[in-house]
Amino acid sequence: MLQDGKLYIGTSRKPDDTNNKPEYLELKFGNRHGLVTGATGTGKTVTLQILAEGFSNAGVPVFCADVKGDLSGIGAIGEAKDFLQKRADQIGLAPYEFQQFPVIFWDLYGEKGHRVRTTISEMGPLLLSRLMNATDAQEGVINIAFKIADQGGLPLLDLKDFQALLNYMGENASTLSSQFGFISKASVGSIQRELLILEQQGAEQFFGEPALKISDIMRTTNDGRGAISVLAADKLMMNPRLYGTFLLWMLSELFEVLPEVGDPDKPKLVFFFDEAHLLFNDAPKVLTERVEQVVRLIRSKGVGVYFVTQNPLDVPETVLAQLGNRVQHALRAYTPREQKAVKTAADTFRPNPDFNCAEVITQLGTGEALVSTLEGKGAPSMVERTLVRPPASRLGPVTEAERREIMNVSPVAGLYDEDFDRESAYEILTARAKKAAEAAQKQAEAQEASPQSSGGSRWTLPGFGDDEPAAQPAPKQPKARSGYQRETVAEAAMKSVARTVASSLGRALVRGILGSLRR
């Protein structure tokens, strides 16, 4: 499967249906990204499985999503079946050996894998707006919220932190608008309703701590194989927007965390983005542009991104142009859109004089594909009609008992399974609001006891002002006018917050290309 720095995909066929030559993906071009497309039932999942096996044996960590549940079999040794042996004999794969691969199971819900979490701050305003399907006005308010949190040192870790900050913004909208721009109470209310929907869909389990460390999906075993991280996505697919946003967040984290390495001999990580159309459906232009930028630049970080989807039209042309390695399974051509997809797929290949690409795409059998990979100095190879090799691991899902056994011996066992809720925006704002309410009550009682006291024109802001009232208001003294202007409520509030948390903040907060917080 691995020969001289090459990953074996399958064997191409001549026009007379005899074997032509082995088809490989050169590891040094593994970070030039790729595309696996084809209609339902044509063999995309098996292609993903054999690619993951090959990268793992080459010492390259892999991350992939298990959308249907059957990709989990990559963690179990393969089983001899007649049709698998027939394919091995057909393509000349000898010996055909079975193998079990090192797998780490992950699950946002913690049911079929180790918990995966991130914080609201690390998600960033752009991806959070995408997750909430926010309008332009709502996205503006979300950006202001992150600005206030960053400047004020309010850690946004989970949904209740963000909800507490939105409550504060709604209660002080007119004051904060003078410093940060117009904050509509209606927009704040709409965002709060979207947060409630996210919570009902289970998104609150995704936000919190301990947050996932990217290094934990880039592990290798003692024998030099790359660990295959499999995300259980069958339940997650019930919320497609959360699925797409989560995988995009992971790409963003990889981009921000990993150093530049140029073009290594093999990738540092290969990332399979299954059901890729969920990322781009109804995506705003700015998000598509950022995705294109990340895909283009992450290559130099040693990361290969492989999009897996049914239709090549699911991926924007600007992103499609960045994908050098192609595996095209059969497409149907019943509707005008499907016919356009066939033509698009055919036109992206380097032509082969032995057959008509557009015709062959609709005639491919299960487990058969048109394959073109980068070769030589990075030029695409001539497209070949290829029989994909059978997998060495199990074809089909693992049992629940097998899954639990794999999780129990996982290198990350116990690291992410328990929630940790440290002091963050919710606790800070709640404590200050309580303190401000007590101070206001004491001041009111003092004013009732001294009705002659005017009390002046002193302002207060819950949780941010001068919380301790004076025991006896001092008489007003005339002061000479000067050029000094009293700071606004918002300015005083932000300064108070900054003073309170400056020691723990320690540095300026910097957000990356997709708005996520750099660690």
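Residues are called buried when their relative accessible area is under 20%, exposed when it is over 50% and partly exposed in between, with a 1.4 Å probe and protein chains only. Helices (H or I, at least four residues) and strands (E, at least two) are DSSP runs numbered from the N terminus. The structure is a predicted model, in which local features need pLDDT of at least 70 and side-chain atom pairs count only at pLDDT 80 or more, whereas totals for chains, interfaces and linings use all residues. Residues are numbered from 1 along each chain as its sequence is written, and side-chain values use heavy atoms, with hydrogens and water left out.

The protein contains 16 helices and 15 strands. Of its 519 residues, 53% are buried. Contact is taken as heavy atoms within 4.5 Å. Among contacts between residues at least 6 apart in sequence, 77% join residues at least 24 apart.

The expected span of a helix is 1.5 Å times one less than its number of residues. Helix α15, residues 425-449, has 25 residues and should span 36 Å, in agreement with the 36 Å between its end C-alpha atoms. Its buried residues are A425, I428, L429, R432, A436 and A439. Helix α10 comprises the 14 residues 285-298, and the distance from its first C-alpha to its last is 20 Å, close to the 20 Å expected. In α10 the buried residues are L287, T288, V291, E292, V294, V295 and I298. Viewed down the axis of α10, these buried residues fall within an arc of 165 degrees, so they line one face of the helix; the arc is that of the directions from the helix axis to the C-beta atoms. The cover over the buried residues of α10 includes α3 (120-132), α8 (240-257), α9 (277-280), β10 (303-309) and α11 (317-320).

Backbone geometry was considered next. Most residues other than glycine have a negative phi, and most peptide bonds are trans. A cis peptide bond, with omega about -5 degrees, joins A94 and P95; P95 lies in the loop between α2 (82-91) and β6 (103-107). The peptide bond from E209 to P210 is also cis, with omega near 5 degrees, and P210 is found in the loop between α7 (185-200) and β8 (228-232). A positive phi, near 55 degrees, is found at N133, a residue other than glycine. N133 is placed in the loop between α3 and α4 (136-152) and, at 49% relative accessibility, counts as partly exposed. For E275, likewise a residue other than glycine, phi is positive and near 50 degrees; E275 belongs to the loop between β9 (269-274) and α9.

The loop between α8 and β9 holds K268, which counts as partly exposed at 40% relative accessibility. Leaving aside neighbours within four places in sequence, K268 is in contact with V60, P61, M218, V261, K301 and G302. The C-alpha atoms of K268 and R219 are separated by 10.0 Å, although the two residues are 49 apart along the chain.

Grid points are joined across faces, edges and corners, and a volume is the space filled by probe spheres set on the points. Four cavities of 30 Å³ or more were found in the whole structure. The largest cavity has a volume of about 60 Å³ and is lined by L35, T37, P312, L320, R326, V327, Q328, T344, A345, T348 and F349. Elements giving two or more residues to this lining are β4 (34-37), β11 (325-328) and α12 (336-347), with the largest share, three residues, coming from β11. Residue classes are nonpolar (Ala, Val, Leu, Ile, Met, Phe, Trp, Tyr, Cys and Pro), charged (Asp, Glu, Lys and Arg) and polar (the others, Gly among them). On this basis the lining of the largest cavity has six nonpolar, four polar and one charged residues.

The second largest cavity holds about 50 Å³ of space. Its lining consists of I9, L25, G34, L35, V36, L51, Y306, N325, R326, V327 and T373, of which seven are nonpolar, three polar and one charged. At least two residues of the lining of the second largest cavity come from each of β4 and β11.

Technical notes. 1 Å grid on protein atoms, 1.4 Å probe; cavity = no way out; pocket = protein on both sides within 12 Å on 5 of 7 lines; lining within 4 Å.
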